[in-house]
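Try each task yourself before you read its solution.

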Amino acid sequence: MRIAMIGTGYVGLVSGACFADFGHQVTCVDKDDSKIASLHRGEIPIFEPGLDVLVASNVKAKRLDFTTDLKVPVAEADAVFIAVGTPSRRGDGHADLSYVYAAAREIASAISGFTVVVTKSTVPVGTGDEVERIIHEANPSADVVVASNPEFLREGAAIRDFKFPDRIVVGTDDERGRKVLGDVYRPLSLNQAPLMYTKRRTAELIKYAANAFLATKITFINEIADLSEKVGADVQEVARGIGLDNRIGGKFLHAGPGFGGSCFPKDTRALIKIAQDNDVQLRIVEAVLSVNDNRKRAMARKVSAAVGTSLRGKTIAVLGLTFKPDTDDMREAPSIPLVTGLLDMGAKVRAHDPVGMEQARKELPDIEYVDDAYACVKGADAMVVVTEWVHYRTLDLERLKQEMAHPVVIDLRNIYRPEDMVTHGFIYESVGRPPLERN
């Protein structure tokens with residue numbers, strides 16, 4: 001089948017490359033001339049494990065191409081996917097749909113013959129209705145079906161998530177639309193991926209509800225971590241104990257500094273706004289967002305308490321800046337309020353991240369960046385683990401202690417065992433686990 005993917009951001013590029021790998025003919029479209037030029041040179045604008053190889057192999061096989069002009073790709077396409085950004089709108093937290101609607105207008109003018117137009121972007125309930133209205137207003141003779149097909153990709157594991165999905169949600173009542181999207185995803189039938197057909201508005205809500213629920217699990221275990229610290233319990237054992245209940249499950253029960261990224265903060269805010277527009281109050285989701293924001297701001301105070309004195313003039317080494325490992329995404333990363341808080345307390349911050357420092361410099365320009373974790377901790381008064389990159393799990397603890405001015409470690413991801421840290425002579429603080437006294 002012929003597919004036009006509008007947008008070469010995270011969702012568009014991963015989806016386009018995976019569809020091409022299924023054997024479809026895919027053209028990815030983006031207005032950014034420099035991004036398209038980079039893709040033609042084989043340069044990938046985002047960090048996602050395996051994506052560079054996947055793109056290169058499908059370009060070589062002539063199944064994947066890139067352009068700034070959507071006219072021909074849309075005219076030839078059986079399905080056109082809208083995968084543009086829907087960031088939080090400044091001032092009110094609603095999803096900014098201007099890019100989606102602009103794409104719909106351009107698609108309308110280029111459509112030729114029957115076409116399924118699919119919103120892949122995360123959009124509020126009712127967006128498909130407006131996309132359909134825009135297309136028919138711009139091109140009354142257009143023979144289109146507008147469907148919703150939300151993505152469920154985890155950054156750092158997106159290719160596997162696309163090829164081995166838990167579910168594929170398709171929102172349309174139109175049989176022609178169902179057939180086209182069934183054919184698009186037919187290669188996944190060997191993996192027995194459940195293809196779930198719903199109404200379009202239901203599909204749009206499924207995406208928001210899923211993200212809000214996962215954000216709730218994270219926030220819940222973070223609050224249990226705070227209680228664990230007070231009562232002398234171990235939150236990791238608590239999480240395992242409740243996660244073994246198959247009604248709960250163990251995923252997203254890892255205590256830490258709060259959730260970030262491109263989805264959970266934005267989508268929980270948007271869901272709250274959708275509810276308010278419909279005279280519904282989502283008290284649980286509102287609390288999740290509030291607790292998470294407060295938690296991220298509180299992490300700097302946790303560092304200060306562990307150091308035990310004023311942070312003014314102290315050097316704090318921060319390991320990990322991206323919101324999670326295996327991505328260079330800094331959107332809503334917990335490191336941002338942490339570092340900002342440390343700077344406000346007068347600390348000097350030195351940071352390292354395996355792939356995220358280029359993006360981090362845009363968000364945190366007033367700190368020192370180094371290319372090596374050991375160089376980062378050299379002469380530091382404390383080390384803070386913010387992102388659980390695998391590189392940090394295997395650091396030489398004896399060398400770390402020798403490099404640091406004071407052996408204080410604040411582990412916000414619980415990647416080290418308290419007994420190991422105490423044995424090596426560290427003052428060690430983690431999240432939701434009782435502190436051990438140094439020998």
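Predicted model: local features only at pLDDT ≥ 70, side-chain atom pairs only at ≥ 80, totals over all residues.

**Exercise 1.** Work out where D30 lies and whether D30 is buried or exposed.

*Solution.* Start with the position: D30 is in the loop that runs between β2 (25–29) and α2 (33–40). Next, check the accessibility. Buried means under 20% relative accessible area, so D30, at 14%, counts as buried. Now look at who is around: leaving out residues up to four places away in sequence, D30 touches G7, T8, K35, I36, T67 and T68. Last, follow the side chain of D30: one of its polar atoms is 2.9 Å from the backbone nitrogen of D32.

**Exercise 2.** Find the buried residues of helix α3 (residues 51–60) and say how they are arranged around the axis.

*Solution.* First, list them: L51, L54, V55 and N58. Then look at the arc around the axis: these residues span only 95°, so they sit on the same side of α3. Now turn to the face pointing away from that buried side, where you'll find the exposed residues V53 and K60. What covers the buried residues? Among the elements doing so are α1 (10–21), β3 (64–67) and α7 (158–163). Finally, step just past the end of α3, where K62 has a positive phi of about 65°.

**Exercise 3.** Pick out the buried residues of helix α8 (residues 175–184), then see which backbone nitrogen D174 reaches.

*Solution.* Going along α8, the buried residues are G177, V180, L181, G182, D183 and V184. Now go to the start of α8: a side-chain oxygen of D174 comes within 2.8 Å of the backbone nitrogen of R176.

Note on methods
Residues numbered from 1 in each chain as written. Heavy atoms only, no water. Helix = DSSP H or I, 4+ residues; strand = E, 2+ residues; numbered from the N terminus. Buried < 20%, exposed > 50% of the residue type's maximum accessible area, 1.4 Å probe, protein only. Polar contact = N/O pair within 3.5 Å; in protein donor to acceptor, adjacent residues only side chain to side chain. Contact = heavy atoms within 4.5 Å. Arc of directions from axis to C-beta.
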